[in-house]
Amino acid sequence: MKKWCPRLAHWRVRPYFGPMNLDIRTFTSMGWGENAYLVRCQASEGVSSGAVVIDPGGEAPMIADALEGEVLEAILLTHAHLDHIEGVAELKRRTDAPVYLHEADRPLYDRVAAQAAAFGVEVEEPPPPDGALADNQQIRFGGCSFEVRHVPGHSPGHVLFYAADAGVAFVGDIVFAGSIGRTDLPGGDYRQLLRGIRERVLSLPDDTRLYPGHGPDTNVGHERVGNPFLVPLEGGRMA
């Protein structure tokens with residue numbers, strides 16, 4: 001069986017300094033093209049008051065190095081598909097940060113080895129999550145916070161993390177620039193995903209920046225009028 005080695009992946013590190021002192025760095029792996037995010041809450045210019053990682057994927061070694069000894073407050077998972085969690089074990093080992101996942105995706109998380117085998121690769125199995133995410137929960141780190149929004153359809157326990165003050169949302173594989181997450185995997189539901197996007201993503205302000213699990217970032221307003229999967233919606237109704 002082929003051994004998947006995240007250290008051989010290509011990475012793209014792109015810093016973004018948004019309003020309300022969020023420092024967002026994107027790490028994109030070559031193997032799956034998955035976006036991992038290191039998010040720092042900055043107390044003042046260049047001074048971090050707390051950091052979290054969203055969906056470490058295959059870039060855990062690079063992310064851990066980028067921390068440069070800074071305490072990582074949490075590893076937050078939008079969902080438990082292989083490409084988003086394959087780096088959890090290493091990042092947990094190197095930082096001892098608590099891991100958070102929605103309970104509805106725990107069966108996927110516990111079967112990560114089987115997910116990997118289906119693609120002919122191996123993955124280090126992650127430790128059990130330290131806590132469960134829930135709809136409308138507030139995740140606080142430093143002086144910043146995320147609202148957890150449960151949006152199933154791509155997977156049963158998929159969530160997004162919305163920082164209202166910063167005007168950004170980390171949406172995993174719910175919606176992409178010009179596309180939406182696939183629903184043909186176990187636990188997927190096309191209508192449920194579209195309903196969730198309409199109610200939990202397109203309800204955000206149009207200028208909300210969306211950071212997806214694959215591809216470039218986008219914003220709510222652009223996807224509302226330009227995403228062919230969302231406009232028109234079923235039966236000619238607009239999203």
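A: Helix α1 is followed by E68, which has a positive phi, near 50 degrees (helices are DSSP runs of H or I of at least four residues, strands runs of E of at least two, both numbered from the N terminus). The model is predicted, so local features need pLDDT of at least 70 and side-chain atom pairs pLDDT 80 or more, while totals for chains, interfaces and linings use all residues. Residues are numbered from 1 along each chain as its sequence is written, and side-chain values use heavy atoms, without hydrogens or water.

Within α1, residues 60–67, the buried residues are A60, P61, I63, A64 and L67 (buried means under 20% relative accessible area, exposed over 50%, partly exposed in between, with a 1.4 Å probe and protein chains only). Seen down the helix axis, these buried residues fall within an arc of 165 degrees, taken from the directions from the axis to the C-beta atoms, so they line one face of α1.

β8 pairs antiparallel with β9 (residues 144–150) over 4 bridges (pairing requires at least two DSSP bridges), and F141 stands opposite C144. The hairpin of β8 and β9 has 2 residues between the strands, and G142 in its turn has a positive phi of about 60 degrees.

β9 is joined in turn to β10 by 4 bridges, again antiparallel, with Y162 in β10 as the bridge partner of E147. In β10 (residues 159–163), 5 of the 5 residues are buried, so this strand is largely enclosed by the rest of the structure.
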